[in-house]
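I opened this entry to look up ligand contacts and helix packing. My notes follow the model below.

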Amino acid sequence: MTLQLRVYVPPHPLIKHWLAVARDAATPSVLFRSAMTELGRWLTYEAAREWLPTQDTIVQSPLAECPATLINPEVPMAVVPILRAGLGLLEGAQTLLPLASIYHLGLVRDETTLQPSSYLNKLPEKFHPQTRVLITDPMLATGGSIMRAMEELTQRGVDPSLTRIVCVVAAPPALQKLSAAYPGLIIYTATIDEQVNERGFIVPGLGDAGDRTFGT
Ligand code: PRP
């Protein structure tokens with residue numbers, strides 16, 4: 001079987017609504033943050049469908065024993081927010097994944113070269129090979145940052161097929177790079193926008209997600 005990058009754009013009214021709010025240039029920071037939280041929540045909900053490890057069990061209801069399914073607490077789960085903007089999606093993701101460890105990764109693009117550099121790396125030296133990893137970053141533009149994040153993770157033993165990326169706007173250059181390097185990867189995004197301009201901004205996109213989240 002040939003593996004292929006899969007990109008899901010869940011057709012959900014809540015996702016469409018909060019994307020519209022986030023795109024609108026008139027949305028103030030306080031509401032933009034809510035939009036990020038909600039998008040993080042609903043996209044993580046969609047991503048969790050085939051990704052959360054479960055175990056079958058039997059429970060005793062007040063009336064009878066019955067088969068049941070629980071989240072398996074023994075499989076390690078991790079969320080990796082790419083700072084700064086990925087923090088906006090983290091809150092919503094975390095409410096659905098209370099057992100996950102959070103490993104922060106700080107990456108910033110040089111405004112001229114668009115190359116990412118790392119200023120914070122709280123990843124463990126080695127991940128358990130079964131770890132489910134969910135990366136949050138609202139923008140996949142040229143793909144430099146997400147490729148760097150994937151490199152840091154796979155070097156530490158993360159299996160790309162157990163990894164999910166939750167983003168808000170994905171653009172073709174990033175998707176092409178990810179597809180070539182990590183064909184088993186699965187992405188959940190609110191939309192795919194066709195263009196990245198010469199300054200590395202996605203068009204129409206939603207502007208600078210980090211600045212809009214933190215009011216800078
Ligand atoms: C933005 C965004 C992504 C990255 C995407 O972060 O949040 O991490 O750029 O661009 P790329 O695909 O071309 O690498 P930025 O570097 O502006 O940092 P910030 O989140 O702190 O604002």
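I take a polar contact to be a pair of N or O atoms within 3.5 Å; within protein, one must be able to donate a hydrogen and the other to accept it, and residues adjacent in sequence count only if both atoms are side-chain atoms. The model is predicted, with local features needing pLDDT of at least 70 and side-chain atom pairs pLDDT 80 or more, while totals for chains, interfaces and linings use all residues. Residues are numbered from 1 along each chain as its sequence is written, and side-chain values use heavy atoms, with hydrogens and water left out.

Ligand. I found a backbone N or O atom of alanine 85 at 3.0 Å from an oxygen atom of the ligand. For glycine 144, also through a backbone N or O atom, I noted 3.5 Å to a ligand oxygen. The side chain of arginine 84 places an N or O atom 2.8 Å from an oxygen atom of the ligand.

Helices α4 and α5. I looked up α4 (residues 144–155) and α5 (residues 172–181), which pack at about 25 degrees with axes 9 Å apart; helices are DSSP runs (H or I, at least four residues), numbered from the N terminus. Axes are lines fitted to C-alpha atoms over the stretch in contact, and angles run from 0 to 180 degrees between N-to-C directions. The angle makes α4 roughly parallel to α5 (under 35 degrees). Ile146, Met147 and Met150 of α4 meet Lys177, Leu178 and Ala181 of α5, contact meaning heavy atoms within 4.5 Å.

How values were computed: Helix = DSSP H or I, 4+ residues; strand = E, 2+ residues; numbered from the N terminus. Parallel < 35°, antiparallel > 145°, perpendicular 65-115°, else oblique.
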